[in-house]
Amino acid sequence: MSRDFLILLAPGFTDPQKPGRRYFCPDCNQIEGVLASNPGLASRITVKRVSFLRPRAEVVALLGPDNQGLPVLILGDAAPLPADAQAYGTYRFVTDIRRILELIAERHGVPFPH
C-alpha cells in the first residue's frame, strides 16, 4: 500500500444495544476535525468511512477479525514505518487515537496535537 489509509466510523450510526438514538465516534470525530481543518490532507490520505455494525467486512479483509476497532490508520510505504505499529500480514497499522493524530502530523505536515 503506497498511501496511508484511514478508516473511520461513518457518523450518525445507530447501535442496536442502545436503540432510539444516533451516534458518532468521539475518536473518529477528532480525526474528522483534522481533515476538515486541513483541506489538502484528504487528497494525501485515503479515507474510508464504514458502518458501525460488525463484522466490518472491509476492515476484516485488511486486518483480520480481531482488529475491527476504529479508527485505524493503515500505514503506507511512502514514509518510514514507526516501531510501535501493529502488524497483520503485510499491513502495519495504529489504533491509538493520540498516535494516529501524531503520525498524521509527522507524515503529512499538518499541525501536531497539543
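View 1. F5 stands opposite I74 in strand 3 (residues 72-74), and F5 itself lies in strand 1. Welcome to a predicted model, in which local features need pLDDT of at least 70, side-chain atom pairs count only at pLDDT 80 or more, and totals for chains, interfaces and linings use all residues. Residues are numbered from 1 along each chain as its sequence is written, and side-chain values use heavy atoms, leaving out hydrogens and water. Helices (H or I, at least four residues) and strands (E, at least two) are DSSP runs, numbered from the N terminus. Is F5 buried or exposed? With a relative accessibility of 13%, F5 counts as buried (under 20% relative accessible area is buried, over 50% exposed and in between partly exposed, with a 1.4 Å probe and protein chains only). Leaving aside residues up to four places away in sequence, F5 touches I45, T46, K48, L62, V72, L73 and I74, where contact means heavy atoms within 4.5 Å. F5 and L75 are 70 residues apart in sequence, yet their C-alpha atoms are 6.4 Å apart in space.

View 2. How many of the 5 residues of strand 1 (residues 5-9) are buried? The count is 5 of the 5, so strand 1 is largely enclosed by the rest of the structure. F5, I7 and L9 point one way from the strand, while L6 and L8 point the other way. Strand 1 pairs with strand 2 (residues 46-50) in the parallel sense over 5 bridges, and with strand 3 in the antiparallel sense over 3 bridges; pairing requires that DSSP finds at least two bridges between two strands. On the strand 2 side, L6 stands opposite V47, and L9 has V50 as its bridge partner.

View 3. Axes here are lines fitted to C-alpha atoms, for helices over the stretch in contact, and angles run from 0 to 180 degrees between N-to-C directions. Strand 4 pairs with strand 5 (residues 91-94) in the antiparallel sense over 3 bridges, and the bridge partner of A87 in strand 5 is R92.

**View 4. Helix 1 beside helix 3.** Strand 1, helix 1 (residues 26-37) and strand 2 make a right-handed β-α-β unit; right-handed here means that, with the strands pointing away from the viewer, the path from the first strand over the helix to the second runs clockwise. Helix 1 packs with helix 3 (residues 97-108) at an angle of about 15°, with the axes 10 Å apart. The two helices are therefore roughly parallel to each other (angles under 35 degrees count as roughly parallel, over 145 as roughly antiparallel, 65 to 115 as roughly perpendicular and the rest as oblique). D27, Q30, I31 and V34 of helix 1 make the contact with I97, I100, L101 and I104 of helix 3.

**View 5. Two cis peptide bonds and a loop residue.** Most peptide bonds are trans, which makes these two spots worth a look. A cis peptide bond joins R54 and P55, with omega about 0°; P55 is found in the loop between strand 2 and helix 2 (57-63). Another cis peptide bond joins L70 and P71, with omega about 10°, and P71 lies in the loop between helix 2 and strand 3. Where is D96? D96 sits in the loop between strand 5 and helix 3. D96 is partly exposed, with a relative accessible area of 44%. The C-alpha atoms of D96 and L73 are separated by 9.1 Å, and the two residues are 23 residues apart along the chain.
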